[in-house]
Amino acid sequence: MAVMMAITALALAVVLIRLGWGGREGLSGVGWAVATLSLTWLTWSDGAWGLATGLTAGAIFALVLVLYAGAISPRSGARRAAANVPVRLSNRAEGFGRRTLVFLLVVPLSFAAAQWLAFAIAIAMKANAPLDANSVSTMMFVQPSVWAILMVWQMVLAGPREMLAPPVIVAGIATLIWVAA
């Protein structure tokens, strides 16, 4: 019964997130909170199986909304003229430099911060013991997950100066974990 309530809450969460992205401020955050609580409940009650079930159900609900939006959208001939205008990149050196800086901040710097955190967590899990399979598998899960989260976080920020903060925060947390281990 509780599992069905959690999965129903996931369906509601997907709808709230979609409504929030559609312009209704605040609903998106509420939707993400409901989804997080629902997935937490599923994980708490059924472990990895509950989490996998919840994520699969959430993905199916989201796919249904995407299919619905595609079905009701206007045909390709009814596009606005502005949608057919090609995007032109700036030829100025300043634009190229900024794009290069954003790339360096988002890709290699975030990768290094995520890797540093993954190593720190693995070291903390080993606690001076011989190589532990759990620490290695955890490290192999943490690094790409944190890297993806960092990249998404950085790409929604206004500029390169703001994009520097997320990997620095993660690297700082990793350093604290490493020192404590």
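User: In which helix does Ser38 lie?
Analyst: This is a predicted model. In it, Ser38 falls within the stretch of residues 27-72. That stretch is helix H2.

User: Is Ser38 buried or exposed?
Analyst: A residue counts as buried under 20% relative accessible area and as exposed over 50%. Ser38 has a relative accessible area of 5%. Because 5% is under the 20% cut-off, Ser38 is buried.

User: Which residues does Ser38 touch, not counting residues up to four places away in sequence?
Analyst: Ser38 belongs to helix H2. With residues up to four places away in sequence left out, the residues it touches are Ala6, Ile7, Ala9 and Leu10.

User: At what angle do helix H4 and helix H6 pack?
Analyst: Two packed helices are described by the angle between their axes and the distance between the axes. For H4 (residues 133-155) and H6 (residues 165-180), the axes are 9 Å apart. The angle is about 145°.

User: How many nonpolar residues does the contact of H4 with H6 have?
Analyst: On the H4 side, the contact is made by Val146, Leu150, Trp153 and Gln154. These meet Pro166, Pro167, Ile169 and Val170 in H6. By class, the contact has no charged residues and 1 polar residue, and the nonpolar residues number 7.

User: Which helices each supply at least two residues of the nonpolar patch?
Analyst: The nonpolar patch on the surface is formed by Val152, Trp153, Val156, Ile169 and Ile173, with about 480 Å² of accessible area together. Val152, one of these residues, has its place in helix H4. The helices that each supply at least two residues of the patch are H4 and H6.

User: Is Val152 buried or exposed?
Analyst: The cut-off for an exposed residue is over 50% relative accessible area. Val152 reaches 57%. Because 57% is over that cut-off, Val152 is exposed.

User: How many Å apart in space are Met140 and Gln115, C-alpha to C-alpha?
Analyst: Met140 is found in helix H4 and is exposed, with a relative accessible area of 59%. In sequence, Met140 and Gln115 are 25 residues apart. In space, C-alpha to C-alpha, the distance is 9.3 Å.

User: What percentage of the residues in the protein chain is buried?
Analyst: The protein chain has 181 residues. Ser38 is one that is buried. Buried residues make up 24%.

Notes: Residues numbered from 1 in each chain as written. Predicted model: local features only at pLDDT ≥ 70, side-chain atom pairs only at ≥ 80, totals over all residues. Heavy atoms only, no water. Axes fitted to C-alpha atoms, helices over the stretch in contact; angles between N-to-C directions. Helix = DSSP H or I, 4+ residues; strand = E, 2+ residues; numbered from the N terminus. Contact = heavy atoms within 4.5 Å. Nonpolar A, V, L, I, M, F, W, Y, C, P; charged D, E, K, R; others polar. Buried < 20%, exposed > 50% of the residue type's maximum accessible area, 1.4 Å probe, protein only. Patch = residues over 30% accessible without salt bridge, like charges linked within 9 Å, V, L, I, M, F, W, Y side chains within 5 Å. Areas by Shrake-Rupley, 256 points an atom, 1.4 Å probe, with all protein chains shown as cover. Salt bridge = Lys/Arg side-chain N within 4 Å of Asp/Glu carboxyl O.
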